[in-house]
Amino acid sequence: MQVGTLSVLPGSESTAKVARSLDCANGPVETHIGWVGQDPVSDQLARICTDATHAVRLALQTVRLNDTPVRYQVTIVSDGGGIWQQPARPVRPELVVAFWFPAGDDAAALRARVVSTTAHEFHHIATAMAGQRRWGAHREPEAYLAGACALLAIEGQLRREQLPGRHDPRADSLLPAAARRSGNAGNAMGQSLQAFFSGDRIQRDDEEGRALLRHCHHTIGFPAIAH
């Protein structure tokens, strides 16, 4: 299977070198994380690497591809933006995927962005690898659900503000069809997940968190989380 990726980051384009990098693994998933520009906060790189790798594993386990080898490259760009692309590569013994993320000033927000985006995109990749249809009205909502499920399972909590739903339908006429469909699917999924919240956040081990994780398991096959 060949996978090409494209990440578009805000800001002026830049060509700084990687300041720090780290490798980590979880079963057959190996992740290389690089930080371009200003050095990250102590231990931030290791936490992002571990959590991103976990998100990939959950996506693979959702479709019973537990032993599938994957090499994942995460690059954090802290000094600018631009368009970063990994072209589709020839078939290799392992799947190779790369994404780029803007650093921002909030370490927790960056980690949440990496986890939810990784889970969302690898849900698409994993379902395609499992032979499921790539297109369909349910595919994009399910990927947004996978992102929210992974945040709750990995980070231990999910806040209302982290739910998908930042898309403004008034901009639909200006967007490509795929972006329009994705944004509207995110809005719909975010609205449906509000039903699990009585406050501004839910915890993985409280009643609301367990209810959402059960919903994730029954809806998309997300791995059951032991309590």
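Which pattern do the disulfides of the protein follow, with bonded cysteines counted along the chain? They go 1-2, 3-4. Some notes on how that looks.

1. Ground rules. This is a predicted model, where local features need pLDDT of at least 70 and side-chain atom pairs count only at pLDDT 80 or more, while totals for chains, interfaces and linings use all residues. Residues are numbered from 1 along each chain as its sequence is written, and side-chain values use heavy atoms, with hydrogens and water left out.

2. The count. Taking a disulfide as a pair of cysteine sulfur atoms within 2.5 Å, you get two disulfides here.

3. C24 and C49. The sulfur atoms of this pair sit 2.1 Å apart, and the link is left-handed, with -105° about the S-S bond. It ties together distant parts of the chain, 25 residues apart: C24 belongs to strand β2 (residues 18-26) and C49 to helix α1 (residues 44-62). Helices (H or I, at least four residues) and strands (E, at least two) are DSSP runs, numbered from the N terminus.

4. Burial of that pair. C24 counts as buried because its relative accessibility is 18%; the cut-offs are under 20% relative accessible area for buried, over 50% for exposed and partly exposed in between (1.4 Å probe, protein chains only). C49 is buried too, at 1%.

5. C149 and C216. Here the sulfur atoms are 2.0 Å apart. The torsion about the S-S bond is about -90°, so this disulfide is left-handed. Again distant parts of the chain are linked, helix α3 (residues 139-155) through C149 and helix α5 (residues 207-220) through C216, 67 residues apart.

6. Burial again. C149 is buried at 1% relative accessibility, and C216 is buried with a relative accessible area of 0%.
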